[in-house]
Amino acid sequence: EYPDEPQLSTVRLTIQTHNIQFRQHKAWGFTGHVIVRVPSDTTLFHGLAELAKYTGVGAKTAYGWGMVV
């Protein structure tokens, strides 16, 4: 743990996992909501959260995976 770094904390977590079958393989993913608490003085986190709405996070974002609302 790094005491000088801002600390994130999970406030609420409601997710459901899904197994999706493709032609060649299976993939696991999840849908749901994750709410995190971010220190108010960390504008970088707020900027990244806003960017994630447009870019998505993780793999296969072109298929709609990793969508952030």
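(The expected span is 1.5 Å times one less than the number of residues in the helix.) Helices here are DSSP runs of H or I with at least four residues, strands are runs of E with at least two, and both are numbered from the N terminus. Please keep in mind that this is a predicted model, where local features need pLDDT of at least 70, side-chain atom pairs count only at pLDDT 80 or more, and totals for chains, interfaces and linings use all residues. Residues are numbered from 1 along each chain as its sequence is written, and side-chain values use heavy atoms, leaving out hydrogens and water.

- The structure holds 1 salt bridge, meaning a side-chain nitrogen of Lys or Arg within 4 Å of a carboxyl oxygen of Asp or Glu.
- Its partners are Lys53 and Glu50, whose closest N and O atoms are 3.1 Å apart.
- Both sit in helix α1 (residues 43-55), and because they are 3 residues apart, about one helical turn separates them.
- An α-helix has 3.6 residues a turn, so residues three or four places apart point the same way.
- Lys53 is partly exposed, at 42% relative accessibility, and Glu50 is also partly exposed, at 42%. (Buried means under 20% relative accessible area, exposed over 50%, and partly exposed in between, with a 1.4 Å probe and protein chains only.)

**The β hairpin**

- Strand β1 (residues 9-21) pairs with strand β2 (residues 26-37) in the antiparallel sense, over 12 bridges; pairing requires DSSP to find at least two bridges between the strands.
- The two strands make a hairpin, with 4 residues between them.
- Within this pairing, Ile20 stands opposite Ala27 in β2.

**A nonpolar surface patch**

- Leu13, Ile15, Phe30, Val34 and Val36 make a nonpolar surface patch of about 470 Å².
- β1 and β2 are the elements that give two or more residues to this patch.
- The largest share, 3 residues, comes from β2, the strand in which Phe30 has its place.
- Patch residues have over 30% relative accessible area and no salt bridge; nonpolar side chains (Val, Leu, Ile, Met, Phe, Trp, Tyr) are joined within 5 Å, like charges within 9 Å.

**Confidence**

- Mean pLDDT (the predictor's confidence in each residue, from 0 to 100) is 83 for the protein, and 91% of residues reach 70 or more.
- Confidence is highest in β1, at a mean of 91, and lowest in α1, at 85.

Conventions
Areas by Shrake-Rupley, 256 points an atom, 1.4 Å probe, with all protein chains shown as cover.
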